[in-house]
There are 2 protein chains.
Amino acid sequence: MNNDLFVKMAINNWQGEIDAANKLLDELSDENLALEIAPGRNRGIYLLGHLTAIHDMMLPLLRFQQSTYPELQPIFVDAPDKTADAIPAAKQLRQQWKEVNDLLLQYIKALPADEWFTRHASISEGDFPKEPHRNRLNVLLNRTNHAGYHRGQLALLKKK
Amino acid sequence: MNNDLFVKMAINNWQGEIDAANKLLDELSDENLALEIAPGRNRGIYLLGHLTAIHDMMLPLLRFQQSTYPELQPIFVDAPDKTADAIPAAKQLRQQWKEVNDLLLQYIKALPADEWFTRHASISEGDFPKEPHRNRLNVLLNRTNHAGYHRGQLALLKKK
């Protein structure tokens, strides 16, 4: 009975997090993003690329479709900041961030409530009955929290 | 049918966030906590007090019981960092942080699944039927994300 409600709550939380991240990114210039969030730490642009890559990887993890920008993963997930020879420009990453989230949201909104309780792609059909919490909805909860973690860091780039 | 499962998922996410915060706090000395997370920004100790106060305020918000340390709210929620005349020592805040989370978890674990879909304390019984997502479980989802946001900032105090 509460399935619809719970799924709606989880999706609202996800969307609220994306909206907050977008609002923050609008307040940050490309010059801001080029700065480290704290001395010696990740640059803002790395975190933008990291979040874009992780959200892009949610497309296959949620069994929606393949990643749209798989080339971001080695740069922004597998490697730490300041180790890649070159990274995409902020302008391009902003565009990819928007595209990936828009595409994700289309799938998210279209998925029937009961389907959220089916397995995500990293657990086999054989193992899933033993670990039913490893479902698609749990991916959404986790990635909402992940986005918030890095948004707290990106917020440090705002002018005071 | 899935009530139990998604309440369990939300609680697991909360507990995972608290565990991660505790692990991080164990790695940070009181001297680390006295530092700003980035130049001119909040100090670690302020964020510890802030999280403790917000979690303490969850006790009445979730209709469990009254806050245990209401004196933290004016210092760590209503006022920004570096404006209070004096703040509690790190040692005391660490103790309060632990106590508040332990107490919360007892209530959280004891609450029957269906009860999570009842109203939280900031919405009236009259308004709740119109906004059924403003339930206790939504507070848990929100506060999990809030803790992650600040954990991302506290992580910057770790020695590299």
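Visitor: What rotation superposes chain A on chain B?

Guide: In this predicted model, chain A can be laid on chain B with an RMSD of 0.0 Å and a shift of 0.0 Å along the rotation axis. That is the relation of a two-fold axis.

Visitor: Which residue of chain A comes closest to the rotation axis?

Guide: The distance to the axis is taken at the C-alpha atom. For the residue of chain A that comes closest, this distance is 2.1 Å, and the residue is Tyr149(A).

Visitor: How many residues of chain B are in contact with chain A?

Guide: Contact means heavy atoms within 4.5 Å. By that cut-off, chain A contributes 33 residues. Of the interface residues of chain A, 94% are also interface residues in chain B, so the copies meet through the same surface. On the side of chain B, the number in contact is 31 residues.

Visitor: What area is buried between chain A and chain B?

Guide: The size of an interface is often given as the accessible area lost when the parts come together. Here carbon and sulfur atoms give 57% of that area. The total buried between chain A and chain B is about 3000 Å².

Visitor: Which element gives the most residues to the side of chain A that touches chain B?

Guide: Two elements of chain A give two or more residues to this side, namely helix H1 (3-27) and helix H6 (136-154). The residues of this side divide into 15 nonpolar, 13 polar and 5 charged. The element that gives the most, with 11 residues, is H6(A).

Visitor: How many salt bridges does the rule find across the interface of chain A and chain B?

Guide: Over all chains, the structure holds 18 salt bridges. Across the interface, the rule finds 10 residue pairs in polar contact. For salt bridges across the interface of chain A and chain B, the number found is 0.

Visitor: Which residue meets Asp30(A) in a salt bridge?

Guide: Asp30(A) lies in helix H2 (residues 30-33) of chain A, and its partner lies 64 residues apart, in helix H5 (residues 90-110) of chain A. The pair therefore links distant parts of the chain. The side chains meet at 2.9 Å, N to O, and the partner is Arg94(A).

Notes
Residues numbered from 1 in each chain as written. Chains lettered and ligands numbered in written order. Predicted model: local features only at pLDDT ≥ 70, side-chain atom pairs only at ≥ 80, totals over all residues. Heavy atoms only, no water. Buried area = accessible area lost by both parts, 1.4 Å probe. Salt bridge = Lys/Arg side-chain N within 4 Å of Asp/Glu carboxyl O. Polar contact = N/O pair within 3.5 Å; in protein donor to acceptor, adjacent residues only side chain to side chain. Helix = DSSP H or I, 4+ residues; strand = E, 2+ residues; numbered from the N terminus. Nonpolar A, V, L, I, M, F, W, Y, C, P; charged D, E, K, R; others polar. Least-squares fit on C-alpha atoms with pLDDT ≥ 70 in both.
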